[in-house]
Amino acid sequence: GDQSEDPVFVKSLQLFNQAQKSVEQGNLQAAGENLDSFIQQYKGTQLYPNALFTKALVSGGQGDKATSIELMRTFIKSHPKHPLTEDAQKVIDAQLG
């Protein structure tokens, strides 16, 4: 089916895009808040793994290595076949490095 007519998908996409935009603008605080909202509201949606991954990167960018690693591990465990899984492991390795 076409997801552009699914209101939940549309709302989740808008929130995710807003978070991405904040990351691009270097506003990690706003990005983190948007991603927290996303993770709470849209668990199990198509973009959830991406939100989790991005939140882990944002946490790392804010100097919170522990949260970043924990989120990446959650991401890998929950989505082992996701295209970003390999990148998630690299981030963990770099944080632990």
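Lys90 and Glu86 sit 4 residues apart in helix α5 (residues 85-96), a separation of about one helical turn. The two residues form a salt bridge. Their closest N and O atoms are 4.0 Å apart. Glu86 is exposed, at 59% relative accessible area. The structure described here is a predicted model.

Thr85 also belongs to helix α5. Is Thr85 buried or exposed? With a relative accessibility of 13%, Thr85 counts as buried. Its side chain reaches the backbone oxygen of Pro80 at 3.5 Å. Setting aside residues up to four places away in sequence, Thr85 touches Phe75, Ile76, His79 and Pro80.

## A salt bridge between helices

How many salt bridges does a search of the whole structure find? The search finds 2. One of them joins Lys55 and Asp36, with the closest N and O atoms 3.2 Å apart. Lys55 lies in helix α3 (residues 48-61) and Asp36 in helix α2 (residues 28-41), so this pair ties together parts that are 19 residues apart in sequence.

The two partners can also be described by their accessibility. Lys55 counts as buried, at 12% relative accessibility. Asp36 is partly exposed, with a relative accessible area of 33%.

## Around Lys55 and Ile39

Which residues are in contact with Lys55, leaving aside neighbours within four places in sequence? They are Gly32, Leu35, Asp36, Ile39 and Leu71. Leu71 is 16 residues from Lys55 along the chain. The C-alpha atoms of Lys55 and Leu71 are separated by 7.6 Å.

Ile39 lies in helix α2. Ile39 is buried, with a relative accessible area of 19%. Ile39 and Lys55 are 16 residues apart in sequence. From C-alpha to C-alpha, Ile39 and Lys55 are 8.9 Å apart. Leaving aside neighbours within four places, Ile39 is in contact with Tyr48, Ala51, Leu52 and Lys55.

Helix α2 has 14 residues. From its first C-alpha to its last, α2 reaches 20 Å. That is close to the 20 Å expected at 1.5 Å a residue.

Which residues of α2 are buried? They are Ala31, Gly32, Asn34, Leu35, Phe38 and Ile39. Seen down the axis of α2, the buried residues fall within an arc of 165°, so they line one face of the helix. These buried residues pack against α1 and α3. The face turned away from the buried side carries the exposed residues Gln40 and Gln41.

## Helix α1 and its ends

Helix α1 has 18 residues and reaches 26 Å from its first C-alpha to its last. This span is close to the 26 Å expected at 1.5 Å a residue. The buried residues of α1 are Phe9, Ser12, Leu15, Phe16, Ala19 and Ser22. Down the axis of α1, they fall within an arc of 155°, so they line one face of the helix. They pack against α2 and α3. On the face of α1 turned away from its buried side are the exposed residues Pro7, Gln14, Lys21 and Glu24.

What caps the N-terminal end of α1? Asp6 does: a side-chain oxygen lies 3.0 Å from the backbone nitrogen of Val8. Gly26 follows α1. The phi of Gly26 is positive, near 80°.

## The largest nonpolar core

The largest nonpolar core has 23 residues. Which of them touch the most other members? Phe38 and Met72 do. The elements giving two or more residues to this core are α1 (7-24), α2, α3, α4 (65-78) and α5. Helix α3 gives the most, with 6 residues.

Phe38 is among the buried residues of α2. Met72 is in contact with Phe53, Ala56, Leu57, Ala88, Val91 and Ile92, leaving aside neighbours within four places in sequence.

How values were computed. Residues are numbered from 1 along each chain as its sequence is written. This is a predicted model: local features need pLDDT of at least 70, side-chain atom pairs count only at pLDDT 80 or more; totals for chains, interfaces and linings use all residues. Side-chain values use heavy atoms; hydrogens and water are left out. A salt bridge is a side-chain nitrogen of Lys or Arg within 4 Å of a carboxyl oxygen of Asp or Glu. Buried means under 20% relative accessible area, exposed over 50%, partly exposed in between (1.4 Å probe, protein chains only). Contact means heavy atoms within 4.5 Å. A polar contact is a pair of N or O atoms within 3.5 Å; within protein, one must be able to donate a hydrogen and the other to accept it, and residues adjacent in sequence count only if both atoms are side-chain atoms. A nonpolar core is a set of buried Ala, Val, Leu, Ile, Met, Phe, Trp, Tyr and Cys residues joined through side-chain atoms within 4.5 Å. The expected span of a helix is 1.5 Å times one less than its number of residues. The arc is that of the directions from the helix axis to the C-beta atoms.
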